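Q: I have not seen this structure before. Please show me how to read its features.

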Amino acid sequence: MTSKTDLLLGQARDVLAGSTAMPAAHGPRAACWLARAALEAAVSQQLAAMGHDCGESNMRSRLICLSSALGQDSDVAQRARSAWDGLSNASHQHAYELSPTVAEVGDLLADVRHVYQSTASPSASNDDHATSLRPTRPGAAP
Amino acid sequence: MKFALNWLKANDTIIKNERIRVVADHARRIWSDLRQESNVDLGDLKLQGTNTRRTVEITATVDGEDAGALSVMSQGELHALALALFLPRATMVEPLPFRRARRPSSGHGPLEGGRSHQGARRDRQVIVFSHDDRLADAARRGPGDARILEVTRGSGSSIKIDNLSDPASRYLADARAICSDDKLPEDTLRRALPNLLRLAAESAAREAFFSAQYASGQSPADVGDTWNSAAKTGHRVSLSIFGDVRPLDVWLDKRPHRKRGLGVCTSAAHVKLNGDPQEAVEDVRRLVDDIRVSRKG
């Protein structure tokens, strides 16, 4: 069975590679939105697998809970946090920064995949409540 | 003697280049971390020339084609290259356990700057001076044990240094953040909170203990060993207050929040938090303040 995270990551990769109908200029940013949703799902799935119910809490709380549960030196928790920061940053329009490049988004996707693969456990696919495909800024969508 | 001197002259460059090869290998590794999307591949480093005319030759290829490295590189690439060459050389025979680098420059992403120092951070203290808030921002939001100080230079060059962010404050901020998220189920909150608060108290204790020991001239290795051999939070707090491990009862009894705060950090980390979460955070915050200011207080 393919999990929601897998599906979202696959879509992000396709959008980034330009193999979808998404105009190339918007590919990297759209891939970031998808990857953000994938990361949300992966983190919630991991927390659920460890017996931490995160309800409707916000992503910051979930990332903090993940660090607390995995230990302060956990590479996964750290990668999850920095990927979240990177993706959130890339999802917004900035005054003096260009949109993220394909290579930058590729790195962020690799981080999300790393988090997902280290946390994936087939029995815990309880990630439905976490996944919503909303862009960060409705209205800014291409 | 003359023969030896001649041999040395003839083989001087070869010997030097053997020594520099280590640097070149290390530099290539750092370059591959920093290069991001650059098409430039770093080749060999060679020392050339004799007496007062000595240069370093850096070879590089662009998309597999030979190119003189420096002439084809952008400003950001040059900065990354400078860092790639500086780091291995600085760590080769340097006796000091810390390193100072100038700010990661404007043509150089903040995260690259952070990453390049990360490898060195394992066995060195890294100090970065910067006018650019982006690296500080990455450190503030990201995980890790970075401490951010703000240096303000007033009139007459009077210097004021403020502590903007350190690990203990970030753990406390994390603790407050999950407390104020009312959509986080209480059970999860009660499990996560004690860990964060324990880390807050321990990082404050570590900071206080290490700076006091360094100031009194202890060697970093000894200080590290003493710290690591005190595994319990109470022992670590004791190190920060008294410089050694001893019963804390008298110190704890002086202020009620100390005992409650340490209780949250020690016992609660193994089970769930029992009391009021907000009060637990407040108790540990005051405990952290006490650790920071009081030596034998």
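Q: Where do A:Asp75 and A:Arg79 lie, and how many residues apart are they?
A: Both residues sit in helix α4 of chain A, four residues apart, which is about one turn of the helix. A helix here is a DSSP run of H or I with at least four residues, a strand is a run of E with at least two, and both are numbered from the N terminus. This is a predicted model, in which local features need pLDDT of at least 70 and side-chain atom pairs count only at pLDDT 80 or more, while totals for chains, interfaces and linings use all residues. Residues are numbered from 1 along each chain as its sequence is written, chains are lettered from A and ligands numbered from 1 in the order in which they are written, and side-chain values use heavy atoms, with hydrogens and water left out.

Q: In what do the side chains of A:Asp75 and A:Arg79 meet?
A: Side chains of opposite charge can pair when their charged atoms come close. The rule for a salt bridge asks for a side-chain nitrogen of Lys or Arg within 4 Å of a carboxyl oxygen of Asp or Glu. A:Asp75 and A:Arg79 form such a salt bridge, at 4.0 Å from N to O.

Q: Is A:Asp75 buried, partly exposed or exposed?
A: Buried means under 20% relative accessible area, exposed means over 50%, and partly exposed is in between (1.4 Å probe, protein chains only). A:Asp75 is partly exposed at 39%, and A:Arg79 is partly exposed at 25%.

Q: Which residue forms a salt bridge with B:Arg28?
A: The partner is B:Asp25, with the closest N and O atoms 2.7 Å apart.

Q: What distance separates the closest N and O atoms of B:Glu207 and B:Arg147?
A: They are 2.5 Å apart, in a salt bridge. This pair links distant parts of the chain, 60 residues apart: B:Glu207 is in helix α7 (residues 186-215) of chain B, and B:Arg147 is in the loop between α5 (133-141) and β6 (148-153) of chain B. B:Glu207 has a relative accessible area of 30%, and B:Arg147 has 42%. Elsewhere, salt bridges that share partners join B:Asp166, B:Glu282, B:Arg285, B:Asp289 and B:Arg292 into one network.

Q: How many salt bridges does the rule find across the interface of chain A and chain B?
A: There are two. One of them joins B:Asp174 and A:Arg60, with the closest N and O atoms 3.1 Å apart. On the side of chain A that touches chain B, α3 (59-70), α4 (75-90) and α5 (102-119) each supply at least two residues. The largest share, five residues, comes from α3(A).

Q: How many residues of chain A are in contact with chain B?
A: A contact means heavy atoms within 4.5 Å. By that rule, 21 residues of chain A touch 20 residues of chain B.

Q: What is the secondary structure of each chain?
A: Chain A has five helices and zero strands, whereas chain B has twelve helices and seven strands. Buried residues make up 47% of the 142 residues in chain A. In chain B, 38% of the 297 residues count as buried.
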